[in-house]
Amino acid sequence: MTLVRRLLDQAAAAPDAVALVAADGTTLSFGELRRRVLAVRHGLLAAGLRDGDRMLFSVRPSPESLVLALGVVAAGGVVVFADPGAGPEMFAARLRLAGPRWSAAESLLYAGTRLAPVRAWARQRGLLLPNLADLGIPHHVRAGRWLPGVPRGALSLAALQRGPAPEPGADGDPDAPAAVIFTSGTTEHPRAVVHTQGSLAAALDLFRARLPLGPGDVVHTDQLMLGLPALIAGARWSLPPLGGSPERFARDLAARGATHTFCVPVHLAEILDVAPRLPDSLRYVLLGAAPAPAAILRRAVAAAPAAEVLSVYAMTEILPVALATAAEKLAHTASGADGDLLGTPLADATLADDGELLLSGPNLCRGYLGDPPLDRLATGDLARLDAGRLVLTARKKDMLIRGKFNLYPGLYEPAVAALPGVDEAAITGVPDPETGDERVVLAITGTATPAALRRRLPDVLDHAALPDEIVVLPALPRAGRSRKLDRAALRELVR
């Protein structure tokens with residue numbers, strides 16, 4: 001069955017149960033969720049959406065945006081997630097690659113390039129918004145009330161949801177594209193991952209196999225890849241407010257009786273700063289999108305002693321890849337073994353001759369937009385298999401050069417982060433334009449002093465990997481919603 005069919009069938013089985021809790025606390029039942037998805041599907045087909053049509057999607061996470069995305073896929077369309085805050089040039093490059101016939105955006109975003117107050121508000125927040133109304137896209141859907149700047153003839157999402165909701169006929173092709181997710185690249189060569197309903201359904205099955213979910217469970221997250229498995233299992237998906245404070249997140253965990261939650265490690269640290277004890281209702285705390293330092297893992301275990309704390313290793317191209325418990329990761333670090341323990345692989349994992357991790361399986365994306373299909377993903381991560389478990393040793397592209405020694409930061413950062421007084425650690429290099437060598441800089445957050453670290457580092461690092469300089473920062477620079485370490489920004493910061 002397709003991903004959408006599985007959700008529709010689950011919703012039909014328990015129509016009165018609560019499916020979604022919005023950021024403001026309002027709820028949506030499974031039956032109403034089902035009706036709205038089918039109504040949006042019917043309305044889009046009536047308005048001319050064709051199989052394979054791509055819809056540029058610029059609507060913030062909410063029950064309404066989920067209904068729209070599912071309705072698009074149910075109608076045979078493809079949802080293209082492209083951040084309008086990426087900047088006009090990058091956005092235009094992504095638009096050229098995607099070639100969408102449809103655009104869906106909030107009315108405020110459409111108005112953003114037409115109304116001076118909105119443009120000024122966006123610029124104050126560092127956003128240079130594209131003019132969505134003048135991109136040559138023939139069909140538009142607006143979320144929210146009409147505002148000046150919304151293209152003439154744009155469909156109202158609210159009206160689509162209120163329309164007729166006939167039952168669909170035969171399901172679509174599970175191997176047809178369903179979602180396009182831009183990840184990286186340049187304005188000359190943007191890169192976008194293409195997932196099918198089949199690859200997404202396989203990813204959800206892997207999550208559910210390792211993470212028991214069912215009626216009565218409450219998953220508090222803004223992550224689609226954890227929220228969708230919850231809905232398909234009959235659990236409740238609780239959405240935090242976009243940009244909400246750590247205090248609000250902790251408060252909602254308790255008020256909504258959350259049993260599962262997902263956090264980026266740095267976000268969990270902020271939550272634990274204001275709420276050192278998490279609700280007893282929690283059974284699973286997932287950490288992902290960035291490496292989980294030992295200090296964060298210890299705090300998470302102490303804050304939720306009855307919960308299983310899991311670290312998820314995944315890539316946009318293939319979700320998930322491996323999971324490890326906090327206990328396993330901490331024991332690995334305490335043993336003195338190098339690298340970052342990822343856990344037992346959930347995908348088909350092999351190693352190239354140089355140690356690069358290669359992945360395949362039914363949860364692998366179809367490929368990159370505009371490129372031939374993938375049958376195996378070269379991850380760019382160097383790894384080893386240790387008693388059947390994956391251990392990440394380095395990122396190939398993060399290699400630093402010091403004389404004849406190739407230094408992989410990922411090989412040493414976990415060991416430094418496990419030292420007393422160190423919360424997070426990152427190694428970067430400042431190139432010498434005359435020699436091509438790198439001046440190696442260790443940046444940390446925490447209470448440890450450079451002098452104290454100088455005494456401890458020879459115990460945990462190869463001599464050739466000892467830093468030339470140690471800097472203590474209030475925080476490591478991060479990028480994007482996932483708050484991943486921004487290594488380029490870190491290099492500029494320490495330069």
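The model is predicted, so local features were taken at pLDDT of at least 70 and side-chain atom pairs at pLDDT 80 or more, while totals for chains, interfaces and linings use all residues. Residues are numbered from 1 along each chain as its sequence is written, and side-chain values rest on heavy atoms, without hydrogens or water.

The domain assignment, with bounds from an automatic or database source, gives domain 1 (3-172), domain 2 (199-395) and domain 3 (400-494). The centres of domain 1 and domain 2, taken over C-alpha atoms, are 27 Å apart. Between these two domains, 22 residues of domain 1 are in contact with 22 residues of domain 2, contact meaning heavy atoms within 4.5 Å. About 1,800 Å² is buried between domain 1 and domain 2, with 70% of it on carbon and sulfur atoms; this is the accessible area (1.4 Å probe) that the two parts lose on being put together, summed over both.

Domain 1 and domain 2 are joined by 1 salt bridge, a term for a side-chain nitrogen of Lys or Arg within 4 Å of a carboxyl oxygen of Asp or Glu. Arg6 forms a salt bridge with Asp205, and their closest N and O atoms are 2.3 Å apart. Helices (H or I, at least four residues) and strands (E, at least two) are DSSP runs, numbered from the N terminus.

Helix H1 is itself largely enclosed by the rest of the structure, because 8 of its 11 residues are buried. Here buried means under 20% relative accessible area, exposed over 50%, and partly exposed in between (1.4 Å probe, protein chains only). The buried residues of H1 are Leu3, Val4, Arg5, Arg6, Leu7, Leu8, Gln10 and Ala11. Their cover includes H2, H3, helix H8 (197-210) and helix H9 (224-232).

Turning to helix H12 (residues 294-303), its buried residues are Ala294, Ala295, Ile296, Leu297, Ala300 and Ala303. Among the elements covering them are helix H11 (265-274), strand E13 (284-287), strand E14 (308-315), helix H13 (326-334) and strand E24 (422-431).

Asp340, in strand E16 (residues 340-345), counts as buried because its relative accessibility is 14%. Leaving out residues up to four places away in sequence, Asp340 touches Pro291, Lys329, Leu390, Val391, Leu392 and Pro414.
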